[in-house]
Amino acid sequence: MKFRTFAAFVGPSVFLMLLFIAAPLTSVFLQSFQLTQPVLERVEVETCTPGFVTQTCVTEIKTRPLLDEAGNIRTTTEWVGGLSYARVLQLGKVGEAIAAGAWGDILSIDFWKALRFTLTFTLITLPLVIGLGLAIALAVNNAAKAIRGQIIFVSLLPFIITPVIGALSIRWLFIGDGIMTAGLEWWLARDISMFAQGWTIELLMLFYRVWHVAPFAFVIFYAGLQTVNQDTLESAIIDGASRWERLRYVIVPHLMPLIVFVALIHLMDSYRVFEEIVGFSSQAHVISLQWLTYDFLQPDDAGNRAIGRASASAMLTMVGIVILLIPLLRRTWRDHRGA
Amino acid sequence: MKLKIMAAAGLLSLMTTGAYAGCTYENPVPLKSLSAGFEAWKSVTDAMAECGNVEAELDQEFRTKQPAAFAANPSLYHIGGVSNGTVTPLLNEGTIRPLDDLVAQYGGNLSPNQLIRINGQVMAVAMMVNTQHLMYRKDILDDLGLAVPTTWNEVLEVAAAIEAADVVEYPLGATMKSGWNLAQDFNNMFLGYGGSFVNDDSTPAVNSEAGVKALEMMKATTAFMDPEYLVSDSTYVQQQFQQGKIAMANLWASRAGAMDDPAESQVVDKVYAAAAPLAMEGGAPATTLWWDGIVIAKNIPDAEAESAFRVAMEGLDTEMVEGANDEAIWLISGYAPSRMAEGAIATATAEPAPISYPSTSQMGLMHTALGNELPAFFTGERGARDTLAAVEAAYTTAAKEAGILE
């Protein structure tokens, strides 16, 4: 392909990537080292608010930002180095906890608590999603042609549902006396509260994520199964390979690049776990890194946002994803070069 | 088929002609409003819409959207529905306008009590007061011969008696969803024990005797609750009441009307309201007072602001209150306090009275710190002192970042 043609095809995509990915990323990176503060003044303010019958007026010293001529808040921005990172990571407290031998205390710091959950969530769902996806793909592949369409349709359904809606519907099945909880209580004849402790919420989250993403793995693997070399399979049968051995030595090696692909996508996606936290309102028990960033960004009633810490937390999340992906990327790169 | 279309067309024309029925004039200027989504706001915005050309957005996320939307030029909304908790960023950023002239021209029906004055200037017009107070199942208390509790210690005793009688699933409900709700419940109890959130120099002061007592009392009440209390918000508690699952809760007055809604509630006429219980003898009821009202954006032409204010006055008139009497503790003339309002009135007129929720930058930071750090106490990860220390640490970090602390 001529370079001009290549550039004409790729150009728009590169431009959009620079605009929507690289530029925001740079800006977040820079902001994570900056601290923007409003210029504040302390003034005496008299506030009159309604009581039920008469008003009450209070005069108090209030802190409020100064406005410039255009009516915008005056701010100062300064470079603060790794201050926001230090505030997110709280390494001092981590050091104290390690020195005191109280490892559990580390998990009471938001970032480390979120990291613990994010990692376990990602690493537990990964094999489950790949295993379940492969199982469905094999089952569909071996099903009679007449019912294949219907099975594919049904197994794809969870993937079509909007993530937050899916999470909410599972939440409503289990919260309080939800239909599932009521059913379990009746069956086991004991009182069950799925949302009263952390581990049951985590179980629901894991279940939801696997249920939601397995169809994606299934579609990819099912496509891959259509390209398995039938001659190799037949010769394996003639050689007396059992069903398991055919799977182990013919099908899985053939699907390996796809498995790596699904793993890559899944690691990236589930490290950014967020919908589950909101959907299951699990903040009291478990939080994720992405949720932490969101929480920093969320303004409080007085309009304060922790932009610096949010940027730092977002950068740390990205670093985490990159570290997780390195082994898989190296493998892909090796295969690519080898080919 | 033809008949159906005719009927539909007839209905449609009725609706359009009826649209101006409740309004004294026809509003020609397209206006938009953004407010919270509870029943009272629905009635007010419906009444505003009767003047025509009003597009009302009712969104429980309004507190997040409002500051940015009002800071735009021109502002994305003309009318904002606020409460004393959420008006702070609008005041700080100067995105709402003083209303003195408009009040003088169009606010003839307003009582002085409704005018929220900051340094003498009218910045908002209040329409209702709100507070968290004790709502209880009168039938259950009467059957068991129990008096309505007036202190939190009595609440525990009554709850124990109700539990022993096994008449409801859980004696107590509470808006203790982790985050904003849980922090607000702590605020109530903390103030009830006479605590104050920050010192004069903006340093935190929650790690105190009052803080520990508040946490311990809250923990004691959770023994009588649905174990899933950390996900239970106002709507959840309201539904627990409506479905007859709980007997008592310290719940928002604005939720009281729903108890008597026969379409939703199985406990019509059984729920009564009393003053918020005291945390300690001689203290104020353990709650805060709130008001809800309207503001007008600054970044809009004066003519639009005038139309917006006129429409808002139509929304806050006696006619609206008469149609929605039980939905709130209205401040508007024509309001007749009903059975459900007794609790809120008793709370607001108690001696000493509870304070208004403090709308300051410090309080915003403190509320967030409380919301994030308190759950660990209730899940048993941390003790009371450690939790309050963590709250102070989180507040200090955020306050330094916001420039409030050096």
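This is a predicted model: local features need pLDDT of at least 70, side-chain atom pairs count only at pLDDT 80 or more; totals for chains, interfaces and linings use all residues.

Reader: How many residues does the contact take from chain A and from chain B?

Author: Chain A gives 57 residues and chain B gives 63 residues.

Reader: And what area is buried between chain A and chain B?

Author: About 4700 Å². Carbon and sulfur atoms give 49% of that area.

Reader: Which residues in chain A lose the most area to chain B?

Author: A:Pro50, A:Phe52 and A:Asp301. Together they make up 17% of what the chain A side buries.

Reader: How many salt bridges between chain A and chain B?

Author: The count is 2. In one of them, A:Asp301 meets B:Arg63, side chain to side chain, at 2.9 Å from N to O. A:Asp301 is also among the residues of chain A that lose the most area to chain B.

Reader: What about polar contacts between chain A and chain B? How many residue pairs?

Author: 19 residue pairs, with both residues at pLDDT 80 or more.

Reader: Which element gives the largest share of the chain A side?

Author: Strand S2 (40-50) of chain A, with 9 residues. Other elements giving two or more residues include strand S3 (55-65) and helix H14 (307-338) of chain A.

Reader: How does the chain A side divide by residue class?

Author: 22 nonpolar, 20 polar and 15 charged.

Reader: Back to S2(A). In which sense does S2(A) pair with strand S4 of chain B?

Author: Antiparallel, over 2 bridges. Strand S4 of chain B covers residues 115-118. Within it, B:Arg117 is the bridge partner of A:Cys48.

Reader: New topic. Where are the domains of chain B?

Author: Domain 1 takes 22-129 + 290-337, and domain 2 takes 131-288 + 348-401. Their centres, taken over C-alpha atoms, are 29 Å apart. The contact takes 12 residues from domain 1 of chain B and 13 residues from domain 2.

Reader: What area do domain 1 and domain 2 of chain B bury between them?

Author: About 980 Å², with 57% of it on carbon and sulfur atoms. On the domain 1 side, B:Asn84, B:Thr88 and B:Trp290 lose the most area, together 51% of what that side buries.

Reader: How many salt bridges between domain 1 and domain 2 of chain B?

Author: The count is 0. There are 3 residue pairs in polar contact, both residues at pLDDT 80 or more.

Reader: Which elements of domain 1 give two or more residues there?

Author: Helix H4 (88-92) and strand S5 (121-137) of chain B. By class, the domain 1 side has 5 nonpolar, 4 polar and 3 charged residues.

Methods:
Residues are numbered from 1 along each chain as its sequence is written. Chains are lettered from A and ligands numbered from 1 in the order in which they are written. Side-chain values use heavy atoms; hydrogens and water are left out. Contact means heavy atoms within 4.5 Å. Buried area is the accessible area (1.4 Å probe) that two parts lose on being put together, summed over both. A salt bridge is a side-chain nitrogen of Lys or Arg within 4 Å of a carboxyl oxygen of Asp or Glu. A polar contact is a pair of N or O atoms within 3.5 Å; within protein, one must be able to donate a hydrogen and the other to accept it, and residues adjacent in sequence count only if both atoms are side-chain atoms. Helices (H or I, at least four residues) and strands (E, at least two) are DSSP runs, numbered from the N terminus. Ala, Val, Leu, Ile, Met, Phe, Trp, Tyr, Cys and Pro count as nonpolar, Asp, Glu, Lys and Arg as charged, and the others, Gly among them, as polar. Two strands pair if DSSP finds at least two bridges between them. Domain bounds come from an automatic or database domain assignment.
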